[in-house]
Amino acid sequence: MVNARPPIPPSDPDVGFQGNPNTGRFNILLTQDRDRPDEHWTQQFPRLMKHLGARTHVVPSARQAFSLASRITFHAVFVDLATPVDSSRPCPGEADLPGAVPSSPRSSGGQAGGGLWLLQVMQRLEKRPPVVVVNSRATRLQAARLLSEAMRLGAFSVVNRPVELNNLLIVAQRLLNRHHQGHWPEPTDPQT
C-alpha cells in the first residue's frame, strides 16, 4: 500500500506519499498509443490512483490530451512518447468541450511524434503541469534523441518500458511532494 509510511514534512520532496483523498482531487492526464488490455499499466494505474482519491483521464492522442489540458486543471501528465498526434478513437467527454486545438506538426504527418508535440504545446498553458514521459520502444540512438528532446521540453521524469506500476507510484509520489508540497491540491476547476 502506498500510504504505509508515516507523513514526511514537505521540505523533503523525494520521500513520503501524503495524499489524502478528502482534501482535494488530484487530476492526472495519461496518454496511450493504442487500446490496451485490462492488465496493461495504462488500465491498472488509473484504477489504482482512483482508490487513492485521484481522477485519471486516459486519452488516445496528443491532440485530445491538449484539448483537455486547455480546459481542465491537471496536476500531473503522463505522456507516452509513442502517442499519435491524432486518433480516430473518441476521447470521453471531449465532444462537450468547445475550442480549437493547435494544428499537428508537419514533420509527423499528423500521426507519429505526438508525445513530443504534446510536450511542446503544453508549454503554452498558463498553468503547465509537471509531465512524466514514458519512453517509447526505439533503437538506442532514437531513444537517446527522444529522451534528450523530452528533457529539453521540461519533462519532470522519464519512465522506461516495460512500465512497472511500482515505478509509476514512486514517480507520482515524488511529483506530488515536489510540486504540490506532499498534499492533494485543492480543486480549482468546476469540471474536476
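Buried means under 20% relative accessible area, exposed means over 50%, and partly exposed is in between (1.4 Å probe, protein chains only).

Residues are numbered from 1 along each chain as its sequence is written, and side-chain values use heavy atoms, leaving out hydrogens and water.

**Colour by confidence.** pLDDT is the predictor's confidence in each residue, from 0 to 100. The protein has a mean pLDDT of 76, with 70% of its residues reaching 70 or more. Now select residues 1-23: pLDDT stays under 50 there. Residues 93-111 are another stretch where pLDDT stays under 50. Where pLDDT is low, the predicted coordinates should not be read in detail.

**Switch to cartoon view.** Helices (H or I, at least four residues) and strands (E, at least two) are DSSP runs, numbered from the N terminus. You'll find five helices and five strands, running β-α-β-α-β-α-β-α-β-α from the N terminus on.

**Select helix 3, residues 114-122**. Is it enclosed or open? Eight of its nine residues are buried, so helix 3 is largely enclosed by the rest of the structure. Among the buried ones are Gly114, Trp117 and Met122. To see what covers the buried residues of helix 3, show strand 1 (26-31), helix 2, strand 3 (76-80), strand 4 (131-134) and helix 4, which are included in that cover.

Helix 3 and helix 4 pack at about 15°, with their axes 10 Å apart. Axes here are lines fitted to C-alpha atoms, for helices over the stretch in contact, and angles run from 0 to 180 degrees between N-to-C directions. Angles under 35 degrees count as roughly parallel, over 145 as roughly antiparallel, 65 to 115 as roughly perpendicular and the rest as oblique. Helix 3 and helix 4 are therefore roughly parallel to each other.

Finish by showing side chains: Leu116, Leu119 and Gln120 of helix 3 make the contact with Leu146, Glu149 and Ala150 of helix 4. Contact means heavy atoms within 4.5 Å.

Key. Predicted model: local features only at pLDDT ≥ 70, side-chain atom pairs only at ≥ 80, totals over all residues.
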